[in-house]
Amino acid sequence: MSDSRRSDHSVRDLLRELFPDTHRELFGDEAAPSAAPTLGLYPVADGRLALVHGDQLAEFTPLDPRGRNALHCDLCHFTRSRSEAGVYRVRVGARRTRYVTLCLNTPACQKRAGAHGLQNLAERIFPVEPSFIDDH
Ligand SMILES: [Zn+2]
């Protein structure tokens with residue numbers, strides 16, 4: 001079973017190399033990052049971050065750090081000291097709040113995580129009920 005899956009995969013890879021148009025027709029544009037919707041984490045005012053995915057937006061509000069344990073970044077999955085990462089609150093609905101740990105160096109963190117890491121983070125956060133985006 002694993003053998004047939006492996007050969008399917010290599011046929012697909014071969015197809016992508018030799019006949020990219022056919023590959024796109026059969027499997028869509030998943031391999032072309034330029035076709036993906038906007039996805040990124042951007043610093044905004046007051047140390048907050050905005051996660052943008054297509055037309056969706058979530059706002060990350062920094063919390064006062066507590067304790068002295070190392071932090072595990074939810075985006076790039078590196079372990080960080082207290083001075084290198086922060087905990088953020090994301091309000092996604094009336095009674096739904098998510099807590100996310102992120103490196104303070106957002107550009108470097110995103111670079112380590114890549115598009116795939118950002119996609120995983122976005123899937124944890126979205127959808128956000130629009131009226132519950134923090135605006136204070
Ligand atoms: Zn990180």
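Good morning. In the largest nonpolar core, which has 19 residues, C73, L75, L102 and C109 touch the most other members. By nonpolar core I mean a set of buried Ala, Val, Leu, Ile, Met, Phe, Trp, Tyr and Cys residues joined through C-beta atoms within 7 Å. A residue is buried if 20 or more other C-beta atoms lie within 10 Å of its own, exposed if 12 or fewer, and partly exposed in between, with C-beta atoms placed from the backbone.

At least two residues of this core come from each of β2 (49-53), β3 (56-62), β6 (85-93), β7 (96-103) and α3 (106-125). The largest share, four residues, is supplied by α3. Helices (H or I, at least four residues) and strands (E, at least two) are DSSP runs, numbered from the N terminus.

Please note that this is a predicted model: local features need pLDDT of at least 70, side-chain atom pairs count only at pLDDT 80 or more, and totals for chains, interfaces and linings use all residues. Residues are numbered from 1 along each chain as its sequence is written.

Beyond its neighbours within four places in sequence, C73 is in contact (C-beta atoms, placed from the backbone, within 7 Å) with F78, R80, A85, T101, L102, C103 and C109.

I turn to α3. Its buried residues are C109, Q110, A113, L118 and L121, and these pack against β1 (39-43), β2 and β7. At G114, α3 bends by about 100 degrees, the angle between axes fitted to the seven residues ending there and the seven starting there.

Finally, Q56 lies in strand β3. Q56 is partly exposed because 17 other C-beta atoms lie within 10 Å.

Terms used: Contact = placed C-beta atoms within 7 Å.
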